[in-house]
Amino acid sequence: MVWGVAGVPRCGPAANNPLIEKIGVFAMKALVYEGPRMVGVEDVPDARIERATDALVRVTTTNICGSDLHMYEGRTDMETGRVLGHENLGEVVQVGAAVDHVRVGDLVCMPFNISCGFCGNCEKGLTAFCLIANPTPAMAGAAYGFADMGPYEGGQAELLRVPYADFNCLVLPPEAEERQTDYVMLSDIFPTGWHATELAGLRAGETVAIYGAGPVGLMAALSARLKSASKVFVVDRHPDRLRLAEEVGAIPVNDADASPVDQILDRTDGIGADRGCECVGFQAHDPQGHEHPNMTLNNLVRSVRFAGSIGVVGLFVPRDPRSPDPLYKEGEVAFDYGLFWFKGQSVGNGQCNVKAYNRELMRLIRTGQARPSWIVSHELPLRKAPEGYEHFDRRDRGWTKVVLHPNAMT
Ligand SMILES: NC(=O)c1ccc[n+]([C@@H]2O[C@H](COP(=O)([O-])OP(=O)(O)OC[C@H]3O[C@@H](n4cnc5c(N)ncnc54)[C@H](O)[C@@H]3O)[C@@H](O)[C@H]2O)c1
Ligand SMILES: [Zn+2]
Ligand SMILES: [Zn+2]
């Protein structure tokens, strides 16, 4: 890509704009999915304005997410040749003719959800289930560089096309320039961790059991602390991740030592936590590495008290032909419904409606009450992204969150 147009003027319709044609000529670098556990940095056509409501963003910071790993491992319908990356922050370099609010030069962070802002679900704040942005019939919800969530390319690239830009760009304060690793977490995992606690109905003074100390579980722990939970348990078996949970005041529960359910019951007078958060998803496994897609769900039913509630933000998919679990090949799990019913528990689940929270969470970052970058272990240029995928996918010690800088010089 040849690009250096900071301060490009606002422009008219794409068809009449010579600048857009010029952009289309050059190839940008992007991280492309090539097949199971294969990604590469390739030259692809520059992202560009396609509709008058689009903005074009020069990506300065973009993360690798646990959701990318499901795709990386070949456990989804991700097509080869597509650009990954849905946790994106950057500078607006061009806007379509119908963009009113967002301006060239703005530093913006995009929710991973692409949503129109005017459909029946968006009107209600359910932007993860937008009825317009995903063109596939009978599908709701769209995202950048994501299997089954529309045709949009991802932002692990030099440039990103942002549809419905006025709705989807969160314009950041000037100080964000220097704190991009904090603000980029507004694209997904900070709101998603918060969402887990919202779905679980967590209130001040209550106790909460969080399964998974990956980036999402750690953000759920941060959110629970911000909401003044009295005790926050975080279950995992990776000491480095559990240590990060401790750093925000959570109680680490290592399930390689003993049953996590027993450990939580022991510390809640045998009653169980008031609320539970599932932050692992369908590739949940035991400490020996054997996958059990129902494991965290059933452990949560046992870890949470009678009449408690559970929020599930870990990803589950309608079909998983590669699952070692025969039921889950068809998307089914052996869920302990009897005990769940008997305990009168409730559950909420699904993708996070990032726009429901990102503006307020931005204020918590700005005032210093939240510093979500504490989990970042590695900042890499785009050319090293394949290495980042490899380590993060193996959950190698010390690889807790990988941030990429596609336009970095080194
Ligand atoms: N709902 C949403 O909008 C949304 C948004 C972002 C991510 N996600 C999903 O959230 C999940 C977590 O994402 P992440 O980035 O933290 O991923 P991650 O893979 O880095 O973290 C998952 C963690 O769960 C742990 N784990 C595995 N099995 C476990 C078990 N049985 N008990 C306890 N812990 C266990 C792993 O050791 C790992 O540390 C993924 O499924 C991701 O796709 C959902
Ligand atoms: Zn993500
Ligand atoms: Zn919509």
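**Entry 1: the model.** I reminded myself that I am looking at a predicted model.

**Entry 2: around ligand 1.** I started with the ligand and looked up its neighbours. Of the 34 residues around ligand 1, the nearest are G66, S67, G214, G281 and L315. I then checked which elements give two or more residues to this shell, and found α2 (66–72), α6, α7, β11 (231–236) and α10. Helix α2 has the largest share, with 4 residues. Sorting the shell by residue type gave me 15 nonpolar, 13 polar and 6 charged.

**Entry 3: the domains.** Where does ligand 1 lie relative to domain 1 and domain 2? I found that it lies between them, because domain 1 (14–188 + 354–405) and domain 2 (189–349) both contribute residues to its shell.

**Entry 4: α6 and α7.** Next I followed two of the helices from the shell, α6 and α7. The axes of α6 (residues 189–199) and α7 (residues 215–226) come within 7 Å and cross at roughly 60°. I noted that this crossing is right-handed. On the α6 side I listed I189, F190, T192, G193, W194, A196 and T197, which meet P215, V216, M219, A220, L222, S223 and A224 of α7. The residues of this contact come out as 10 nonpolar, 4 polar and no charged.

**Entry 5: α10.** Which residues of α10 (residues 295–303) are buried? I wrote down T296, L297, N299, L300, V301 and S303. Looking for what covers them, I found, among others, the helices α9 (260–266) and α11 (337–342). The strands β10 (207–211), β13 (273–278) and β14 (304–312) are also part of that cover.

Key:
Residues numbered from 1 in each chain as written. Chains lettered and ligands numbered in written order. Predicted model: local features only at pLDDT ≥ 70, side-chain atom pairs only at ≥ 80, totals over all residues. Buried ≥ 20, exposed ≤ 12 C-beta atoms within 10 Å, placed from the backbone. Contact = placed C-beta atoms within 7 Å. Axes fitted to C-alpha atoms, helices over the stretch in contact; angles between N-to-C directions. Left-handed = near helix turned anticlockwise from the far one by under 90°. Nonpolar A, V, L, I, M, F, W, Y, C, P; charged D, E, K, R; others polar. Near = placed C-beta within 6 Å. Domains from an automatic or database assignment.
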